[in-house]
Amino acid sequence: MSEEARSALAIVREAAEVRTVHDLAGLLRQLRRRHARQQGDTPLTYRQLAAKTGWSRGVIGEYFAGNVLPSTERFDILTGLLGATGAEQGALATARDRVEEGRRPPNPADRQEETEVPVAQASPPAAGAVRRSTVVPHQLPPALASFVGRTAQLAQLDAAGGVGNGSAVPDAGGAGEPVATSVVLSGTAGVGKTTLAVYWAHRVAERYPDGQLYVNLRGFDPAGAMTTPAEAVRGFLEALDVPPERIPAQLSAQVGLYRSLLAGRRMLVVLDNAHDADQVRPLLPGSPGCLALVTSRNRLSGLVAAEGTRPITVDLLTVEESRQLLARRLGVDRLTVEPRAVDDMIERCARLPLALAVVAARGLAHPGFPLATLAAELRQTQRLRDAFDACDVVTDVQAVFSWSYQSLTPPAARLFRLLGCHCGPEIGIPAAASLAGLPRDQVHRLLTELANAHLVTEHAPGRFGTHDLLREYAAELIENTETPETHRAAIQRGLDHYLHSAHNAALRLQPSWDPIPLAATPPGVVPEAISDHRHALAWFTAEHRVLLAAVAQAARIGFEGHAWRLARTLVDFLQRRGHWFDLVDAQQTALAAARRSNDPSGHASAHRDLARVLARTGEQERAESHYRAALKLFGELDDHAGQARTHRAFCAMLDRLGRHTEVLYHAQRAADLYRIVGHLSGEASAQNGIGWAYAQLGQYGPALEHCRRALVLLRQTDDRHGEANTWDSLGFIHDRLGRHRRAVRCYHRALRLFVQIGDRYDEAESLIRLGASRRSSGDRAGAVHTWQRALRILDELGHPDAECVREQIVRITRGGRHERATSRRARPISRSSRRRRLRDHRPAGVPRRPVDTTSTRVGVT
């Protein structure tokens with residue numbers, strides 16, 4: 001029997017034993033290695049497979065790591081590309097179906113127990129694989145206790161979702177119209193679309209035992225701060241327990257990963273307050289077991305036509321439903337006594353649920369007031385006609401708002417007006433205090449008064465938001481009642497609050513970050529007191545959407561200096577969290593604002609920061625142009641520190657492209673400039689970068705000299721990360737010189753420092769190179785042990801390089817022709833590039849290697 005026949009028989013036999021997604025991934029890896037042997041080449045890279053299939057490299061990496069089960073169609077395509085025979089494909093397809101069936105819970109009653117059980121529960125995972133729990137997100141907002149009516153719409157939703165007899169039990173009969181995979185609830189603003197969607201979602205939650213996802217897309221935000229598809233899908237990935245470093249940078253890859261995670265599951269996805277079809281389309285699940293429930297003021301006809309979305313119109317309440325709503329909130333007895341007054345209130349509120357809720361809040365606040373008195377106040381209010389959407393629905397809701405607004409105390413009314421000039425989408429108590437120029441404790445009381453009147457909602461402790469209609473009304477009030485100077489002064493206080501707070505947070509988040517010269521804090525503005533790194537991270541997490549909206553608002557209304565400075569404070573946080581497209585938008589806005597303000601320093605900084613994120617998203621040519629523009633501007637300003645940082649950032653991109661002679665030039669320029677300004681840590685980093693560039697060019701003598709200079713400089717600082725990087729570079733250089741024992745000692749010193757500072761990924765990176773050095777010295781057992789340590793860390797991080805290390809261990813333990821791959825040296829990949837690959841599994845233009853035993857010390861200091 002030939003070797004190929006024996007291999008095919010072995011795969012068919014192993015397929016019969018498959019019980020988990022990890023077992024299945026092991027067979028895929030076997031096919032990949034066998035295909036390489038048959039072709040006399042290295043295994044197909046994830047990038048090559050992505051080019052052949054059109055899928056993202058990140059998703060393909062998930063398939064081979066055993067973290068995601070491919071759909072039936074994708075699995076068949078993948079096994080075909082890997083050269084599986086007809087018999088193998090049949091056995092593997094059966095194995096895949098068995099795994100999927102094993103992951104599906106038998107009934108909803110078992111879900112509570114299953115949430116505590118790993119995905120692959122039938123048998124232990126393969127060696128080195130990660131045991132992961134099934135994540136069941138429950139993101140739905142609370143259902144409204146006073147929900148009434150909507151019988152017709154609930155029946156339509158039940159039919160669209162395949163729910164029989166109005167219950168949460170799937171209709172097993174299979175008769176009637178087909179079950180939809182997406183439904184859109186459309187209707188005028190304030191008509192209760194969200195309330196209906198959330199109520200029905202809770203009602204049928206058991207039908208979707210794998211969880212419920214929710215996002216407010218803010219499609220009609222008065223300030224234009226809509227949730228982008230990238231922002232929304234990233235939130236879903238985080239809810240599905242995908243670590244930030246494993247989230248790809250490109251939207252298409254994020255969507256691919258999101259849909260892969262939903263494949264074979266039964267999940268409900270609520271997309272609230274959508275603006276148009278383009279905002280929704282990337283968020284639609286691809287699995288037939290999932291349902292997307294969309295709400296919008298628009299009909300979203302494009303989704304109905306192209307995606308087969310089921311449309312349901314949400315109209316105004318009937319008179320009887322309006323009466324029921326008031327009865328739920330005010331009590332049946334109170335309505336029974338004054339039926340005529342109730343009719344007047346319903347008419348004045350135009351049967352709009354939002355307006356009725358505001359009226360009911362007024363009635364609850366004054367239980368002794370006769371309803372006739374409330375109705376008379378409503379009649380005396382000037383009627384306002386306003387078309388809220390394309391359907392030209394004429395309502396009197398602003399009259400109701402004005403009536404509620406007029407009942408506020410003067411300080412609360414002023415604060416409500418000022419909320420109309422806030423950038424949105426929500427505001428915390430400190431920011432509201434700065435906006436109003438008032439003490440925080442006083443503002444908290446005023447916000448509580450507004451919340452009691454249903455003019456704001458406290459979404460989270462200390463964070464308040466308003467309905468779009470209320471924000472529009474507040475903005476109209478401030479324009480009509482305040483002078484332009486007062487209006488602009490309030491906006492500036494809000495922007496100053498965010499700028500000074502963000503500046504403090506950025507310095508806590510990254511102590512080596514260059515401070516921005518700021519004017520003194522204006523009177524009435526009290527920035528956040530950011531105490532430490534953890535506080536800074538939490539603050540940015542809560543406020544980064546508001547800060548992005550503030551950048552856009554500042555640029556739009558002429559506060560250009562605030563725009564580019566705010567954008568710069570966001571760079572480090574957005575990079576850490578992988579919000580690359582938000583960062584691109586912010587830096588493009590910053591660049592335009594800096595140009596308009598004729599601020600050369602801001603102009604240069606915006607060029608550099610935009611270049612860094614463009615390089616991150618694969619736009620290398622544009623990035624290089626912006627780097628060169630930044631260098632030119634910093635040079636004209638004689639800003640040596642700015643030039644040095646730009647040279648170092650430029651090094652990272654050039655190294656990733658393999659342009660090591662240019663890396664050497666820019667690292668040398670950075671070292672000279674850092675020396676002029678006395679920046680020891682920066683100069684040390686640059687010296688290490690010079691040494692690394694020489695090593696890549698094969699000049700190991702100069703490489704050692706410059707790395708040793710870096711260590712001398714680092715002894716005068718407390719830069720343990722820079723010291724660890726330099727010892728790692730020295731280990732690489734000694735290994736290339738054949739001094740394997742010395743290389744091992746250098747790597748050990750680097751590892752101790754990486755452990756001290758908690759840098760898990762760099763620890764794994766050094767372990768990979770340490771293993772290669774041990775292998776070169778003939779210590780095969782030591783190499784395997786070291787790579788296994790690296791593998792455990794990479795598996796814990798969910799990093800795609802884990803698969804490369806796993807295959808390397810297999811090669812060295814099996815010996816033979818595969819062992820030759822151990823000595824291969826990949827093109828050097830920069831440290832910044834490696835960090836980026838934590839998120840998108842590799843930027844465009846960087847090939848995947850079996851194991852990269854090189855290291856780059858050109859990160860930006």
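Arg32 lies over the face of Phe64, 5.3 Å from the centre of the ring. This contact belongs to a predicted model of a chain that contains 40 helices and 10 strands. Of the 861 residues in the chain, 58% are buried.

**Confidence of the prediction**

- The average pLDDT of the chain is 80, and 82% of the residues score at least 70.
- Over residues 382-396 the pLDDT falls below 50, and this stretch has 32 contacts in the model beyond near neighbours in sequence.
- A further stretch, residues 816-861, also has a pLDDT below 50. In the model, residues 816-861 have 178 contacts beyond near neighbours in sequence.

**Overall build**

- Consider the contacts in the chain between residues at least 6 apart in sequence: 69% of them join residues at least 24 apart.
- The chain has an accessible surface of about 34000 Å², and carbon and sulfur atoms account for 51% of that surface.

**Helix 34 and its neighbours**

- Helix 34 covers residues 700-714, which gives it 15 residues.
- From its first C-alpha to its last, helix 34 reaches 21 Å, close to the 21 Å expected at 1.5 Å a residue.
- The buried residues of helix 34 include Tyr700, His706 and Cys707. Also among them are Ala703, Ala710 and several leucines, namely Leu704, Leu711, Leu713 and Leu714.
- These buried residues pack against helix 33 (680-696) and helix 35 (720-736).

**Backbone exceptions**

- Most residues other than glycine have a negative phi, and most peptide bonds are trans.
- The peptide bond from Gly424 to Pro425 is cis, with omega near 5°. Pro425 is found in the loop between helix 20 (410-419) and strand 8 (427-428).
- Arg150, a residue other than glycine, has a positive phi, near 65°. Its place is in the loop between helix 7 (111-114) and helix 8 (151-160).
- Asp638 likewise has a positive phi, near 55°, and sits in the loop between helix 30 (620-636) and helix 31 (640-656).
- Are these two residues buried or exposed? Arg150 has a relative accessible area of 4%, so it counts as buried, because buried means under 20%. Asp638 has a relative accessibility of 58% and therefore counts as exposed, since exposed means over 50%.

**Aromatic rings**

- The count of aromatic pairs comes to 9.
- In one of these pairs, the rings of Phe416 and Tyr473 have their centres 6.2 Å apart and their planes at 45°. The pair is therefore tilted, because planes under 30 degrees apart count as stacked, over 60 as edge-to-face and the rest as tilted.
- This pair links distant parts of the chain, with Phe416 in helix 20 and Tyr473 in helix 23 (residues 468-481), 57 residues apart.
- Both Phe416 and Tyr473 are buried.
- Which residues do ring pairs link into a cluster? The cluster consists of Tyr405, Phe416 and Tyr473.

Technical notes: Residues numbered from 1 in each chain as written. Predicted model: local features only at pLDDT ≥ 70, side-chain atom pairs only at ≥ 80, totals over all residues. Heavy atoms only, no water. pLDDT = per-residue confidence, 0-100. Contact = heavy atoms within 4.5 Å. Helix = DSSP H or I, 4+ residues; strand = E, 2+ residues; numbered from the N terminus. Expected span 1.5 Å × (residues − 1). Buried < 20%, exposed > 50% of the residue type's maximum accessible area, 1.4 Å probe, protein only. Phe/Tyr/Trp six-rings, centres within 6.5 Å; stacked < 30°, edge-to-face > 60°. Lys NZ or Arg CZ within 6 Å of the ring centre and 35° of its normal. Areas by Shrake-Rupley, 256 points an atom, 1.4 Å probe, with all protein chains shown as cover.
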